[in-house]
Amino acid sequence: MEDNENIEILRGDPKKALIKLAVPMIFALLLISLNHIIDRIWVAGLGTDPLAAIGFVSPIFMIIIGIGNGLGAGSNSLIARYIGAKDHKKASNSALHSILIVSLGSLLIPLILIPFYDQIIFYMGASSVINYARDYGIILIIGTFAFLFNILFSSQLRAEGDMKKATFTMAAVDILNIIMDPIFIYTFNLGIKGAALATVLSSILPTIIAVYWLFVKKNTFLDYGIDNFRYNFGYIKDILTVGIPASLEQLIISLVNIILNSMLVIVAGTSIIAAFNISFTILQLGMMPCIAIGTAAITVAGVAYGAKEFDKVKTTCHYGIKISMMIAGMITALIIIFAPQVALLFTYSQSNAELYQLIIDVLRVVSVFLIVTPVGGICAMTFQGMGKGVISLILTIVRELIFVVVLSYIFGIILNLGVNGVLIGFIMGLTVGSIISFIIFELFMKKIKETNMFLS
């Protein structure tokens, strides 16, 4: 097959390719954040119990999404490496193997979760809202196939540089959900079941369009014809080598947040949790450019690595870190300056007034993490692009579970510095862990370049 314009860009200047892929991703990720906020607003109209039920179901839903993102990263990485190696048949065959894995996952996840669902949410503490949690959660679990395939097809389209289709596949989900939520919840009077149905259906419709592009219209670089499928366990192993560690990384980050919450409760009581979570809701928006650039780096680094153009792999990582840190620096400055105005948005009622100064303080300290995060995060995603998912996972464990947790505990609990101690330990842990990640990346690239020169 002749190379199309998107493929030429991926094989060309990594800086241009990174920007081309990242800019639409930022838009799509911002829509995801907006959708989460609006979704909570609509459900809040049903009362406190349905809103609480969503809170209990969210960790289960995020595990499903984490698995989808992991498998998407694995597929993206392998396809990109074969595109870099100019092996169109293997790139197409690896895409079909990814579909096989996601098909099995879409069947296994509901079969495993649904029989034990009531026990799971009961032990999570949802006994008082178990009916709402069941109505909402079971529908989402049944809809696992929609979430996994939507993420997969978006990742595969991104792997071949088609950001128009990839962004549509992602963004349409959130736009549809924003529209459908009030209709299903209130117009159809389905309540919390309506919120779950809107979430599933809003993922199904764009996924059907992606299926049309890939299998019917066939206007993609990769060929999804079933005659291209040649089963090879090596493809599955390679996809899962990136996919499983990438999924585990998201679980580790969630676990670290739970641990940090526990420490904050010990040193300052429950009021700090509200301020901490509100602050992170704002900071998550600020993280979107870094996440988008890191996600783009998986594709660009994968293509360069597949082509054995190791200097381009380094350029991808270095440029991604540089751009992310510049953007993060500007966002951090804005947050520090406008922290009082942001805090006011969440404390306008008398009942929340005491959180005002707390939110300002937390925002001004924790916002610094936006500048630090790109270093470790983009190094990890570049490793994923090269197919080195285990290295990426180890770096995340070192950064998050060892340095962040240990230093937060030392400063907050042992040295008895309270909230500031936990937050400072959090920032220091990320900083030290990120520096180590960068050093490991540089050493790895040096070694692989020397090895390749020796073999040549």
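The model is predicted, so local features need pLDDT of at least 70 and side-chain atom pairs count only at pLDDT 80 or more, while totals for chains, interfaces and linings use all residues. Residues are numbered from 1 along each chain as its sequence is written, and side-chain values use heavy atoms, with hydrogens and water left out.

A cavity is a set of points, on a 1 Å grid over the protein atoms alone, where a 1.4 Å probe fits but cannot get out; lining residues have an atom within 4 Å of a point. Grid points are joined across faces, edges and corners, and a volume is the space filled by probe spheres set on the points. The count is one cavity of 30 Å³ or more, and the largest cavity holds about 40 Å³. Its lining consists of Gly286, Met287, Pro289, Cys290, Ser324, Ile327, Ala328, Leu370 and Thr373. Helices are DSSP runs (H or I, at least four residues) numbered from the N terminus. At least two lining residues come from each of α11 (271-306), α12 (310-346) and α14 (369-385), with α11 giving the largest share, four residues. By class, six of the lining residues are nonpolar (Ala, Val, Leu, Ile, Met, Phe, Trp, Tyr, Cys and Pro), three are polar (the others, Gly among them) and none is charged (Asp, Glu, Lys and Arg).

A pocket, by contrast, is an open set with protein on both sides within 12 Å along at least five of seven lines. The second largest pocket has a volume of about 220 Å³. Both α3 (48-84) and α4 (88-113) supply at least two residues of its lining, and α4 gives the most, seven residues. Among the lining residues are Ile63, Leu71, Leu104, Leu108 and Ile112; the lining divides into 10 nonpolar, one polar and no charged residues.

Helix α4 also supplies the largest share, six residues, of a nonpolar patch. Leu100, Leu104, Leu107, Leu108, Leu111, Ile112, Tyr231 and Phe233 together have about 850 Å² of accessible area, by the Shrake-Rupley method with a 1.4 Å probe. Tyr231 is in the loop between α9 (191-217) and α10 (233-268).

Finally, Ile37 lies in α2 (residues 14-44). Its C-alpha atom is 9.0 Å from that of Thr281, 244 residues apart along the chain.

How values were computed
Patch = residues over 30% accessible without salt bridge, like charges linked within 9 Å, V, L, I, M, F, W, Y side chains within 5 Å. Salt bridge = Lys/Arg side-chain N within 4 Å of Asp/Glu carboxyl O.
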